[in-house]
Amino acid sequence: MPEVADIEQLPVPQARAGEPAAWDTLFRRYQLPLYVYVFELVHDEQAGLDIVQETFIAAVKHIGSLRENGKFGSWLFGIAHQKVFQHWRKRKENLFDEFPAWPDAFEDSPDDLLIRREQEAGFMKLLEQLPLAQRSVLLLHYIEDFPLEEIGRITETQIGTVKSRLHYAKKSLRKLLEEKP
Amino acid sequence: MTTPREILLSRHQAALPKLDTLRAAALTTMSQPVEPWPPAAFWLLAWRELFLPVRFAWSGLAAIWVLLIAVNFFQHKASSQTKSVSAPMGVSFHEQQRMLNELLADRTPINPDADRQKISPPKPHTELTRIEFV
């Protein structure tokens, strides 16, 4: 399973230089998290695989637009998010439903929600029930533990909106888990 | 007890072989030389990517441009009409100026020195008082 804390060792400069081995390492690191993120938004295996492949090709093509090597992960997820958005736009679905802003700072970690083994299936089902915008933010928070600023950059939303979406997503998830022991 | 990340990643482990295949496919596209696009394909893609997603915005902009061109055209037409109207006005202005010149010419000064006195600059007050004392 890919680790979250190995970002510093990623061969991004070598990938910029066009080394296929570096790209292979990068893709190997992100292929599963990226697929999980995309699949959980589109719920279609083939569409998910297509979007991941399109994301990889776009990453190779546009690596010049990456400003900081350390932000490679969020940059890659940003491309995937745009592809998902295009996918939803084709299906005329609205990804960006809005919620009232949440005034308090939101600082808890993605591991704060521990799930018992018997609750796992229920968790996945509950995740599916969340609105797309909340699910997107929650997945980015759980899968890669991206900071709020980077989640905002990936989803092209204000940090306040990210905070409120994450808050409401976690709140509804907790509520649903409490309801279903 | 597991974290949501562990649950999410473990549930999609089955997709790994397929992901390995598509990763390899993506890497092969790197080594392929990039062929230049035929112009038709380029314009088709530009149409699909640039125009179609925001067609209402482009249509709005086009409508605004048409409106601006129409306004500009009619303003130009109106200004050319006012030019043609102003020609007799110009004639009357010249006529009035000629009459004014004639009137001024008739009013020749009777005493030219009087006028010259008026034009001469005023002298300092101190000098004037000195003259009075003398």
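## Close-up views of a predicted two-chain model

**View 1. The helices of chain A.** Read from the N terminus, the elements of chain A follow the order α-α-α-α-α-α-α-α, which gives eight helices and zero strands; helices here are DSSP runs of H or I with at least four residues, strands are runs of E with at least two, and both are numbered from the N terminus. The model is predicted, and local features therefore need pLDDT of at least 70 and side-chain atom pairs count only at pLDDT 80 or more, while totals for chains, interfaces and linings use all residues. Residues are numbered from 1 along each chain as its sequence is written, chains are lettered from A and ligands numbered from 1 in the order in which they are written, and side-chain values use heavy atoms, with hydrogens and water left out. Of the 181 residues of chain A, 52% count as buried, where buried means under 20% relative accessible area, exposed over 50%, and partly exposed in between, with a 1.4 Å probe and protein chains only. Among the contacts in chain A with a separation of 6 or more, 71% come from residues 24 or more positions apart, a contact being heavy atoms within 4.5 Å.

**View 2. Helix α3 of chain A and its surroundings.** Helix α3 of chain A covers residues 45-61, and its 17 residues should span 24 Å at 1.5 Å a residue, which agrees with the 24 Å between its end C-alpha atoms; the expected span is 1.5 Å times one less than the number of residues. At the start of α3(A), a side-chain oxygen of Asp44(A) comes to within 3.1 Å of the backbone nitrogen of Gln46(A). The buried residues of this helix include Leu49(A), Ile51(A), Val52(A), Phe56(A) and Val60(A). The cover over the buried residues of α3(A) includes α2 (20-42) and α4 (72-90) of chain A as well as α2 (16-31) of chain B.

View 3. Glu144(A) and Arg29(A) meet through their side chains in a salt bridge at 2.8 Å, N to O, a salt bridge being a side-chain nitrogen of Lys or Arg within 4 Å of a carboxyl oxygen of Asp or Glu. This pair links distant parts of the chain, with Glu144(A) in helix α6 (residues 132-144) and Arg29(A) in helix α2, 115 residues apart. Glu144(A) is buried because its relative accessible area is 2%, and Arg29(A) counts as buried at 5% relative accessibility.

**View 4. A pair within helix α2 of chain A.** Arg28(A) forms a salt bridge with Asp24(A), and their closest N and O atoms are 3.1 Å apart. Both residues, Arg28(A) and Asp24(A), lie in helix α2 of chain A, four residues apart, about one turn of the helix. An α-helix has 3.6 residues a turn, so residues three or four places apart point the same way. Arg28(A) counts as partly exposed at 48% relative accessibility, whereas Asp24(A), at 19%, counts as buried.

**View 5. Salt bridges across the two chains.** Three salt bridges are counted between chain B and chain A, and nine are found over all chains in a search of the whole structure. In one pair, the side chains of Asp24(A) and Arg23(B) meet at 2.8 Å, N to O. In another, Lys18(B) forms a salt bridge with Glu45(A), the closest N and O atoms being 2.6 Å apart. Because Lys18(B) lies in helix α2 of chain B and Glu45(A) in helix α3 of chain A, the pair joins two chains. Lys18(B) is partly exposed, with a relative accessible area of 42%, and Glu45(A) counts as partly exposed at 35% relative accessibility. Salt bridges with shared partners join Asp24(A), Arg28(A), Asp20(B) and Arg23(B) into one network.

**View 6. The side of chain B that touches chain A.** The contact takes 26 residues from chain B and 41 residues from chain A, and the two chains bury about 3,100 Å² between them, 72% of it on carbon and sulfur atoms; buried area is the accessible area (1.4 Å probe) that two parts lose on being put together, summed over both. Helices α1 (4-11) and α2 of chain B each supply at least two residues of the touching side, and α2(B) gives the largest share, eleven residues.

Notes:
A polar contact is a pair of N or O atoms within 3.5 Å; within protein, one must be able to donate a hydrogen and the other to accept it, and residues adjacent in sequence count only if both atoms are side-chain atoms.
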